Amino acid sequence: MKKIFITRKLPEEAVAGLRELFDVDMWHSEDEIPPKDVLVEKAKTVHALWTNVADTVDRDVIQAGENLEVIANLAVGYNNIDIEAAKERGLTVTNTPGVLTETTADLAFTLMLAAARQTGQAERFLREGKWTSWSPMGFTGMDIFGATLGIVGMGRIGEGVARRAAGFDMEVLYHNRTRKTEAESMFGFRYAELDDLLSKSDFVVVLTPLTDETRGMIGERELGLMKETAVLVNAARGGIVDEDALYEALKNGQIWAAGLDVFEGEPIGSDHKLLTLPNVTALPHIGSASVKTRLAMMRMNSEDIEAVLSGREPENRVV
Ligand code: DGY
């Protein structure tokens with residue numbers, strides 16, 4: 001019987017189908033990551049690894065997997081996997097595109113609203129018993145309605161955010177490796193060079209994948225181009241935004257606020273320096289976290305694992 005190692009405890013309904021066909025070994029915890037030596041040990045004996053964004057599936061893990069046929073990653077992003085090493089070994093890597101688009105776009109929009117209107121900060125203030133009276137300029141934020149939105153990385157999630165922005169009467173600029181001319185005319189958003197987008201936008205939302213090309217793409221120079229009233233949202237990957245530069249820009253009032261769902265080294269501790277800033281709204285990488293979407297992502301992974309281990313082509317092949 002072929003073997004599968006699942007690196008996180010998943011709901012039983014998501015694994016039941018695989019259990020009927022394969023020998024499934026599931027990590028005991030939902031929140032704890034299996035250490036590297038465990039991952040390497042498990043890789044030695046299994047035919048499939050079912051991983052997620054928190055697992056570092058590097059060359060050591062991949063090379064250990066003598067019988068390994070497939071790595072299914074519970075995410076659309078796969079920067080946590082050494083794709084070159086997987087290709088060299090002829091492994092199949094699958095992901096979960098499409099199904100999380102709207103949920104992640106919802107979260108990116110949530111961060112825009114929350115950071116612009118300081119809802120996290122205001123809620124903490126209330127819970128701490130500091131609300132003594134209505135205040136004329138207390139917690140005054142930035143308007144979203146009618147503002148200019150710049151989307152960096154116009155893939156499916158970017159388009160989802162742009163569609164939502166239409167309801168807020170926003171002007172939408174985007175920057176992407178390739179022009180989306182059809183979507184431009186359909187939804188009325190405009191292409192802009194990155195510098196132009198940064199200097200014109202009231203909200204900059206980062207949604208590009210993390211690659212060698214995009215690592216550190218938003219650094220000191222780029223933040224310096226943004227408006228002092230601008231809000232930066234990152235719902236993609238931490239490494240795209242230089243966190244030291246972001247900290248300085250937020251601290252010195254070079255930009256107004258940030259809404260972050262992702263960080264360079266996840267998970268971050270409560271002592272992370274960005275969390276010391278009142279103008280940061282921070283979330284623990286929950287972009288795709290709705291019940292329906294997470295179960296749908298699991299279904300996709302499970303079907304793809306079953307397909308590969310049964311000699312069929314998976315639906316969502318990365319390589
Ligand atoms: C993704 O799918 O890449 C998300 O970041 C994981 O929730």
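The legends below describe close-up views of a predicted model.

**View 1**
The protein is divided into domain 1, made of residues 3-97 and 291-309, and domain 2, residues 101-282. Taken over C-alpha atoms, the centres of domain 1 and domain 2 are separated by 31 Å. The contact involves four residues of domain 1 and five residues of domain 2. On the side of domain 1 that touches domain 2, one residue is nonpolar, three are polar and none is charged.

**View 1. Annotated spans from the UniProt record.**
An unreviewed UniProt entry places the feature "domain: D-isomer specific 2-hydroxyacid dehydrogenase catalytic" at residues 4-318. The span 4-318 is 37% helix and 14% strand, and its end C-alpha atoms lie 19 Å apart. The feature "domain: D-isomer specific 2-hydroxyacid dehydrogenase NAD-binding", also from an unreviewed UniProt entry, is placed at residues 109-287. For residues 109-287, the end C-alpha atoms lie 10 Å apart, with 32% of the span in helix and 15% in strand.

**View 2. Surroundings of the ligand.**
Which residues surround the ligand? They are V53, A75, V76, G77, L100, G287 and S288. By class, this shell holds four nonpolar residues, three polar residues and no charged residues.

Five strands form an open sheet with the order 2-1-3-4-5 and parallel pairing. Strand 2 (23-26) and strand 5 (92-94) are the edge strands, and each of them pairs on one side only. On average, neighbouring strands of this sheet are turned by 15° against each other, direction ignored. Strand 4, residues 70-73, is paired with strand 5 in the parallel sense over three bridges. Within strand 5, T92 is the residue that stands opposite V70.

**View 3. Helix 12 on the five-stranded sheet.**
The pairing of strand 4 (residues 70-73) with strand 5 runs over three bridges. Helix 12, residues 291-309, packs on the sheet and touches strand 1 (3-6), strand 3 (48-51), strand 4 and strand 5. The direction of helix 12 makes about 170° with that of strand 4.

Strand 6, residues 148-152, and strand 7, residues 171-175, pair in the parallel sense over five bridges. V152 has H175 in strand 7 as its bridge partner. Strands of a sheet pair through backbone hydrogen bonds, in either the parallel or the antiparallel sense.

**View 4. Backbone geometry in two loops.**
Most residues other than glycine have a negative phi, and most peptide bonds are trans. Where does F139 lie? F139 is in the loop between helix 6 (119-127) and strand 6. Phi of F139 is near 50°, a positive value in a residue other than glycine. In the loop between strand 11 (257-260) and strand 12 lies P267. The peptide bond from E266 to P267 is cis, and its omega is near 0°.

Key:
Residues numbered from 1 in each chain as written. Predicted model: local features only at pLDDT ≥ 70, side-chain atom pairs only at ≥ 80, totals over all residues. Near = placed C-beta within 6 Å. Nonpolar A, V, L, I, M, F, W, Y, C, P; charged D, E, K, R; others polar. Domains from an automatic or database assignment. Contact = placed C-beta atoms within 7 Å. Pairing = 2+ DSSP bridges. Helix = DSSP H or I, 4+ residues; strand = E, 2+ residues; numbered from the N terminus. Axes fitted to C-alpha atoms, helices over the stretch in contact; angles between N-to-C directions. UniProt positions renumbered as here; feature names shortened; annotations may be inferred.
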